[in-house]
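Here is my note for a colleague who is opening this structure for the first time. Please keep the sequence and the 3D view side by side while reading.

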Amino acid sequence: MSRFAVAALALSAAGLTTPARAADFYGSGPPLTVNDTLYRSDSWARPYLGVSLGYAWGSVANNPTKPSGFVGGVQAGYNWQSGSFVFGLEGDIQATAAEETFAPWKFSNPWFGTVRGRAGFAFNNVMFFGTGGLAFGELRATTFGLTESHTNAGWTLGAGAEMGLDRNWSAKIEYLYVDLANSNFVITGASNGYRFGLIRAGINYRF
């Protein structure tokens, strides 16, 4: 009977010490759940949707005009993460007020969009990245009351930084160089295309 009592006391002591050891292992709070681990402010692996605003300035090939103006639009993308390395895809569509008149020509870029890959390195909730891919957009020419528009495809390359503000929101700033390839305009009698730089800031909601 005494042996049974000793064994029962030993089992009770073991049961009391196990939760204490678990608490020591996890700290003062409960262990992190899968949701907490994947969706912290320093986790980039998820889809996102956002808006941006910036300014573009550039020049038209084979023409003296230099269209510039404000740019605004929306972007969406998805990031994958392996350790501190972040890889993703992003697409955006932008409306622009970039235009200039150099008599008798007026050139404008009413809109453009990009589809880009992104690769970056994250330091906790801050990520530095490079980006590049396809660009497309409209170049519009007006002269002597005649208007001609072409939608051209080209390429873009840039870099930026993004900061996680909390679990869902992040803010970014980036620079892009965009080359919308030349096409032949009848009313100018030349091959014209638009090349421009763009700096913009944006806010993303990470799902």
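Which strand gives the largest share of the nonpolar patch? Strand 3 does, with three residues.

Before the points, the basis. This is a predicted model, in which local features need pLDDT of at least 70 and side-chain atom pairs count only at pLDDT 80 or more, while totals for chains, interfaces and linings use all residues. Residues are numbered from 1 along each chain as its sequence is written, and side-chain values use heavy atoms, leaving out hydrogens and water.

1. The surface patch. Y78, W80, F85, F87, L89, F121, F123 and F128 make up this nonpolar patch, and together they have about 840 Å² of accessible area. Strand 2 (68–82), strand 3 (85–102) and strand 4 (105–123) each give it two or more residues. Strands here are DSSP runs of E with at least two residues, helices are runs of H or I with at least four, and both are numbered from the N terminus. Patch members have over 30% relative accessible area and no salt bridge, and nonpolar side chains (Val, Leu, Ile, Met, Phe, Trp, Tyr) are joined within 5 Å. A salt bridge puts a side-chain nitrogen of Lys or Arg within 4 Å of a carboxyl oxygen of Asp or Glu. Areas come from the Shrake-Rupley method with a 1.4 Å probe, and for residues only the protein chains shown count as cover.

2. F123 belongs to strand 4. F123 is partly exposed, because its relative accessibility is 49%. The classes are buried under 20%, exposed over 50% and partly exposed in between (1.4 Å probe, protein chains only).

3. A pair to find. A45 sits in the loop between helix 2 (34–38) and strand 1. A45 and W80 are 35 residues apart in sequence, yet their C-alpha atoms are 4.6 Å apart in space. A45 is partly exposed at 29% relative accessibility.

4. Loop backbone. The A103 to P104 peptide bond is cis, with omega near 5 degrees. P104 lies in the loop between strand 3 and strand 4. N62, not a glycine, has a positive phi of about 60 degrees. N62 is in the loop between strand 1 (47–60) and strand 2, and is exposed at 58%. F144 also has a positive phi, near 50 degrees. Its loop runs between strand 5 (126–143) and strand 6 (146–164). F144 is exposed, with a relative accessible area of 72%.

5. A buried threonine. Is T156 buried or exposed? T156 is buried, because its relative accessibility is 2%. T156 is in strand 6. Its side chain reaches the backbone oxygen of Y177 at 2.9 Å. Beyond four places in sequence, T156 touches residues including T114, R116, L176 and V178. Contact means heavy atoms within 4.5 Å.

6. The cores. The largest nonpolar core has 16 residues, and V178, Y194, F196 and L198 have the most contacts inside it. Two or more residues come from each of strand 1, strand 4, strand 5, strand 7 (169–185) and strand 8 (190–206). Strand 7 gives the largest share, four residues. A second, separate core of five residues includes W44, V86, M127 and F129. Such a core is a set of buried Ala, Val, Leu, Ile, Met, Phe, Trp, Tyr and Cys residues joined through side-chain atoms within 4.5 Å.

How values were computed
Patch = residues over 30% accessible without salt bridge, like charges linked within 9 Å, V, L, I, M, F, W, Y side chains within 5 Å. Polar contact = N/O pair within 3.5 Å; in protein donor to acceptor, adjacent residues only side chain to side chain.
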